[in-house]
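Work through the following exercises with the sequence and the model at hand, and compare each step with the solution given.

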Amino acid sequence: MPKKRQQTSASVDIEDLLDIRSHAFGSATAGKTPKHSHDWHQLVYATRGVLTVNTTAGSWVVPSRRAVWVPALIEHEVEMLGPCSVRTLYIRTGLSSALPIDCCVVNVSPLLRELILRTLEIGMLNREVPAHKHLIDIILDQFHTLPTVALNLPMPTDARALRVAEIVRQNPGDAKSLDHLVRKIGASKRTIERLFQSETEMTFGKWRQQFRMLHALRLLAAGESVTMAALEVGYDSTSAFISAFKSAVGTTPGRYYAETQALR
């Protein structure tokens, strides 16, 4: 969490002199923070394990060597899906107008990783300090060019579509068709399809596939085998699961699983 606000001898708030702050924490078990928000932007980097950042707008899954960007004032909770090590940067609002305005998952380049670790060593960065200014400029340049990763699950807001989403989330491996699911909520298939498309920018089928891939990430991080993860999220064919996983995550589940185990 952000460090407590302090006062200088001249009664100037020390945070007014800072541009980037840092914080590191870890957990030996699964857990979840209470819902909260920050006055500063936040970059949450998972060096080990898998995190999920949840907001009212959706969920962002953060595997190791990825990070999630959380803009200031967005209420969120951080869910740790087993043993985790986390490195966080807090960026003062107004430092750059080119920073993302929405939550997103980004790949952490080797350079950005070293910049994050160096900032943690220093603790806080102030543009009035020449050496700090150089680091800040490079960090911001990295933020502006980082590729985003499609590891988020937007949630519908309409109560009917949200009910369908919750049914799917309660049973990831259930292969029941949308025709069957809508019988429980008293809405037509066409209505639910329209709501998912307008509120999540995905068809229901694409949304369910995305949820399954993100749930599979959690299972792999928890130590499940590729075959068991495939079965848990509704795939009868391991090869079909591997193909879908690689398309969504950018690597095969086997490689992801091996990387996750190596970081334990």
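**Exercise 1.** Determine how the residues of the lining of the largest pocket divide into nonpolar, polar and charged.

Solution. The lining holds two nonpolar, seven polar and seven charged residues, where Ala, Val, Leu, Ile, Met, Phe, Trp, Tyr, Cys and Pro count as nonpolar, Asp, Glu, Lys and Arg as charged, and the others, Gly among them, as polar. The model is predicted, so that local features need pLDDT of at least 70 and side-chain atom pairs pLDDT 80 or more, while totals for chains, interfaces and linings use all residues. Residues are numbered from 1 along each chain as its sequence is written, and side-chain values use heavy atoms, without hydrogens and water.

**Exercise 2.** Find which residues lie nearest the centre of the largest pocket.

Solution. Of the 16 lining residues, Asn 54, Thr 55, Gly 58, Ser 59 and Arg 169 lie nearest the centre. Two or more lining residues come from each of strand 4 (51-55), strand 5 (58-62), strand 7 (77-80) and helix 3 (159-170).

**Exercise 3.** State which residues line the second largest pocket and how they divide.

Solution. Thr 55, Ala 57, Trp 60, Ile 74, Asp 102, Cys 103, Asn 152 and Pro 154 form this lining, which divides into five nonpolar, two polar and one charged.

Key
On a 1 Å grid over the protein atoms alone, a cavity is a set of points where a 1.4 Å probe fits but cannot get out, and a pocket is an open set with protein on both sides within 12 Å along at least five of seven lines; lining residues have an atom within 4 Å of a point. Helices (H or I, at least four residues) and strands (E, at least two) are DSSP runs, numbered from the N terminus.
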